[in-house]
Amino acid sequence: MSLMRIRKPKTRKGKQILLAREPQLIESTRTMLFLDGRKCGGDVKSCMRDLQQLRKPLVKVLNRNNDITPFDDPSSLEFLTMKNDCALFAFGSTSKKRPNNLILGRIFENEILDMIELGIKQYTSMSEFKTEKIGTNVKPCLIFNGPRWNQTEELRRLRNLLIDTFHKDKVDAIRLQGIEHVISFTCTEDLSILMRSYKIMLKKSGQKTPRIELVEIGPSADLSIRRTKIASEDLYKQARKQPKQLQPKKKKNLTYDELGNTHGRVHLGKQNVTKIQTRRVKGLKKTPEEKRESRQKKKDLIKAAARELLKNTE
Amino acid sequence: MDIVKEVLEKQQRALEKYKPITVDKHLEVRLDIGSLLCTDPNDLEDKELKNNKEQYLLNLTRDNTQLLINGIWALPTERVDECIVAKLPEPTTVLPRLRKPPGPKPLTKWEKFAKEKGIKKKKRDKKKYDEVLDKWVPTYGFKRADAEKEKEWVLEVPKNADPNEDMFQKKIDLRNEKVAKNEIQRMKNIVRAKKVEVPRGGYFGPEVASSGQLLTAVTVAKSSTASVGKFQSKLPKEKEARGIGVKELIPGAKRKASHISEQPEKEVNLDLIKSVLNKKPKYDIEKAISLQKNENKLERESNPIEKDRKAKKGKGGKKGGGKGGKKPKGGRGQRAPGKKLGVGRKRR
């Protein structure tokens, strides 16, 4: 539209939705959009289902098949994520050339920021592991094994993307007994990623900190990296910029001494000592005689000064 | 000393019963406890990976998780609702945002003005005691309109008001006008903030506009084409846009017409003086003739009858004739100096 119209929301709900789409200071938790490609079945489908389970409730699932090729034309993906208000997406498809293809990506400013195509070589879903499961809505611990993760920019970005996908939401405090889930990603020499998911059992160790034992529960996948589309350094830097208001403000003029006392400096500014407002005490008021005296003194001083001047001029 | 040794040995034996919680690694593991993350940069054992992959991965993960848990258990804890909760620090991995952080909002026109003048907002009291109604009445929001209605069931009407005018409706119309004006100002503020270029008349294109909008656009364009105080004249069958808000759009509607004329000022002033000084009484010749005729007629009729009537009539007639005809009658002045008479339909 060359001439934009300002669309006024007609309902209160509509207005709230439009306001939520504007840039916010503190952003809401990132939801993930799940899409199917032209053909989607088998391992990819079960992988996506397990991902949904791991990410519940920050999930939006679209059921229909979409004839989209994200690497060729990302615009429909951008539109769908904008409409559904999602920051992450998972696009699963299957074709002869790329069997069991899963694309994970994220959005910035209604455009794709990073996108990675993973091929699922081998997959065992959650239902195939016959062990005790953990509850839902558990924040998992994430482990990245292998020296490869830090070597290339691509892999570093992939690590960041995987953290974004699995870490759910930011928490301030965590219940010590509630740390039940751990997901590990191992990057081997031939650039394949092994994802394993375990349940944490806290055992006695004789000390305060417990001993950990792991039992494999969740999906186990062997992934290969097919194609990647990562954002430029500048765009990535811009996307990670946090607003200044959220940074904690440093308190000035405060010092702490060794005893734990807090000392503060208060700056008053210059004071006119003669004109400070104090209580008027009637007893200290000048009597008429005293006033006359002070006036006389002043006059004498002036006369003396004048005489001096005259003398000097003579 | 012996006792101390004994106690230590006892503790050692007790610990040996349990499996260790310490983990040895070549390179230090990088922990980000705020997001429960652990990155292990140590090399992987390829042999183990080939032979018994799952077991190796399990052990590796177990070691790293143990280190992470050790880190978490070292954090300060507090008790919340019968659970022990560890306070996590800020996460060090920075995740990208969905949108840019919001910039400073551009000030509206009023806000700018208020800032300059130092005008501060005054908060209104929610309820005010009303003498007339004898109760507490809300000044804004819920139930304010009802309270106003209660109070103004009768309106004072000024003397020179048109009896056919509905004063209540007039009040409502005025209020609606204000609301519409406020809406337009609000839209303008939004447009200014978004830096969208919107044409003045709100005209977007012939496909999109309605007939009312087209009319408004034409009215605005007509006023805009004026130069040096000369406006476009109206066409014979042309309609002008009416309604709330049109006057706002016409440029210069608030200002008075320019006084710049074609003649130079000196000449204009001289003409004015001449016309004032050379003022001669205007004679309406026809009326004078008819009056004179009347006079003569009456003279002839009443000549033998009465002299008083004649005298009176004569005086009356002479008075009229003497003073020079008529008093200046209004409605003869020119409305628009440059306007050609006879062009344009008479306004009804």
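**Cavities and salt bridges**

A: A:Arg227 has a relative accessibility of 30%, so A:Arg227 counts as partly exposed. This is a predicted model.

Q: Which side chain does A:Arg227 meet in a salt bridge?
A: That of A:Glu117, at 2.9 Å from N to O. A:Arg227 is in strand E11 of chain A and A:Glu117 in strand E5, 110 residues apart.

Q: Is A:Glu117 buried or exposed?
A: A:Glu117 is buried, because its relative accessibility is 1% and the cut-off for buried is under 20%. A:Glu117 also forms a salt bridge with A:Arg98, with the closest N and O atoms 4.0 Å apart. A:Arg98 sits in the loop between strands E3 and E4 of chain A.

Q: How many salt bridges over all chains?
A: The structure holds 26. One of them, in chain B, pairs B:Glu152 with B:Lys171 at 2.3 Å, N to O.

Q: What lines the largest cavity?
A: Its lining has 14 residues, and those nearest the centre are A:Cys47, A:Leu51, A:Leu102, A:Phe166 and A:Met195. By class, 13 of the lining residues are nonpolar, none polar and 1 charged. Helix H2 of chain A gives the most, with 4 residues.

Q: And which residues line the second largest cavity?
A: Residues from chains A and B, including A:Asp85, A:Asn110, B:Leu98 and B:Arg99. That lining divides into 4 nonpolar, 2 polar and 2 charged residues.

Note on methods:
Residues numbered from 1 in each chain as written. Chains lettered and ligands numbered in written order. Predicted model: local features only at pLDDT ≥ 70, side-chain atom pairs only at ≥ 80, totals over all residues. Heavy atoms only, no water. 1 Å grid on protein atoms, 1.4 Å probe; cavity = no way out; pocket = protein on both sides within 12 Å on 5 of 7 lines; lining within 4 Å. Helix = DSSP H or I, 4+ residues; strand = E, 2+ residues; numbered from the N terminus. Nonpolar A, V, L, I, M, F, W, Y, C, P; charged D, E, K, R; others polar. Buried < 20%, exposed > 50% of the residue type's maximum accessible area, 1.4 Å probe, protein only.
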